[in-house]
Amino acid sequence: MANPNPLQRFGPEWIERIRGGDEAAFEALFRTFAPWLCTFVARYVGSRAAAEDLVQDLFLALWKNRSELRIERSVSTYLFNAAKNRALNYLRNEQTREWFRAALLERSDLPSTIDESEILELLDVQKAIEDLPPRCRLIFTLNRQQGLTYDEIADSLGLSIKTVETQMGRALKALRAKLLSFRHS
């Protein structure tokens with residue numbers, strides 16, 4: 001009897017075929033999962049086009065790194081987790097870009113007070129945020145740019161409040177150090 005769920009037909013033998021460069025196995029994997037993943041990612045990012053780009057990037061990275069591919073859980077779980085991570089990174093990057101644009105526009109309303117050093121400082125802040133470790137960056141962004149409280153962040157990420165406080169402390173310390181190094185260089 002055939003497996004009723006087409007997503008479950010891909011097991012370790014498929015990954016071995018892909019690791020060996022089997023394009024037909026990779027194409028079958030892509031054709032089976034891409035529509036599901038696009039729908040899944042679109043729910044996160046709110047754009048079908050962006051979701052399709054993210055899923056294509058995921059499969060491109062999978063193919064490029066196929067020789068190192070190690071999937072401990074099911075292929076389905078791996079792909080959906082990888083797609084979710086890409087969606088969250090996309091959202092984080094979009095939020096950072098929006099924050100930067102808003103900050104720049106807010107300051108550019110006063111053309112007589114903005115100068116090159118302020119623009120460079122904003123760029124330094126954006127770069128410093130992007131350089132934070134992923135968890136610190138996410139927590140910092142949720143708090144400082146999205147306005148969530150530590151309690152809200154802890155609830156939404158399934159973390160303790162103490163973990164959120166610790167990560168925020170690390171983020172702020174790293175940002176201070178990074179911005180000081182930018183100013184002295």
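**Salt bridges, helix packing and cores**

Reply: Arg19 and Glu16 are both found in helix 1, three residues apart, or about one turn of the helix. The model discussed here is a predicted one.

Me: How far apart are N and O where the side chains of Arg19 and Glu16 meet?

Reply: Arg19 is partly exposed, because its relative accessibility is 25%, and Glu16 is likewise partly exposed at 47%. Their side chains form a salt bridge, with an N to O distance of 3.0 Å.

Me: What separates Arg48 and Glu52 along helix 3?

Reply: These residues form a salt bridge in which the closest N and O atoms are 3.3 Å apart. Arg48 is partly exposed at 41% relative accessibility, and Glu52 is partly exposed at 35%. Because Arg48 and Glu52 are four residues apart in helix 3, the separation is about one helical turn.

Me: How many salt bridges does a search of the whole structure find?

Reply: Among them are Arg19 with Glu16, Asp22 with Arg17 and Arg48 with Glu52. For the whole structure, the search finds four.

Me: At roughly what angle do the axes of helix 2 and helix 3 cross?

Reply: Helix 2 (residues 23–45) passes helix 3 (residues 48–64) in a right-handed crossing. The residues of this contact comprise 19 nonpolar, one polar and three charged. The two axes come within 8 Å of each other and cross at roughly 145°.

Me: Which element gives the most residues to the largest nonpolar core?

Reply: This core has 32 residues, and Leu29, Phe33, Leu37, Val41, Phe59, Val75 and Leu79 touch the most other members. Leu37, for example, touches Val55, Leu58, Phe59, Leu79, Phe80 and Ala83, leaving out residues up to four places away in sequence. Two or more residues come from each of helix 1, helix 2, helix 3 and helix 4 (75–108). The element that gives the most, with 12 residues, is helix 2.

Me: Is Gln167 buried or exposed?

Reply: Gln167 lies in helix 8 (residues 161–183). Beyond its neighbours within four places in sequence, Gln167 contacts Arg135, Cys136 and Ile139. Its relative accessibility is 9%, and buried means under 20%, so Gln167 counts as buried.

Conventions: Residues numbered from 1 in each chain as written. Predicted model: local features only at pLDDT ≥ 70, side-chain atom pairs only at ≥ 80, totals over all residues. Heavy atoms only, no water. Axes fitted to C-alpha atoms, helices over the stretch in contact; angles between N-to-C directions. Left-handed = near helix turned anticlockwise from the far one by under 90°. Nonpolar A, V, L, I, M, F, W, Y, C, P; charged D, E, K, R; others polar. Core = buried A, V, L, I, M, F, W, Y, C linked by side-chain atoms within 4.5 Å. Buried < 20%, exposed > 50% of the residue type's maximum accessible area, 1.4 Å probe, protein only. Contact = heavy atoms within 4.5 Å.
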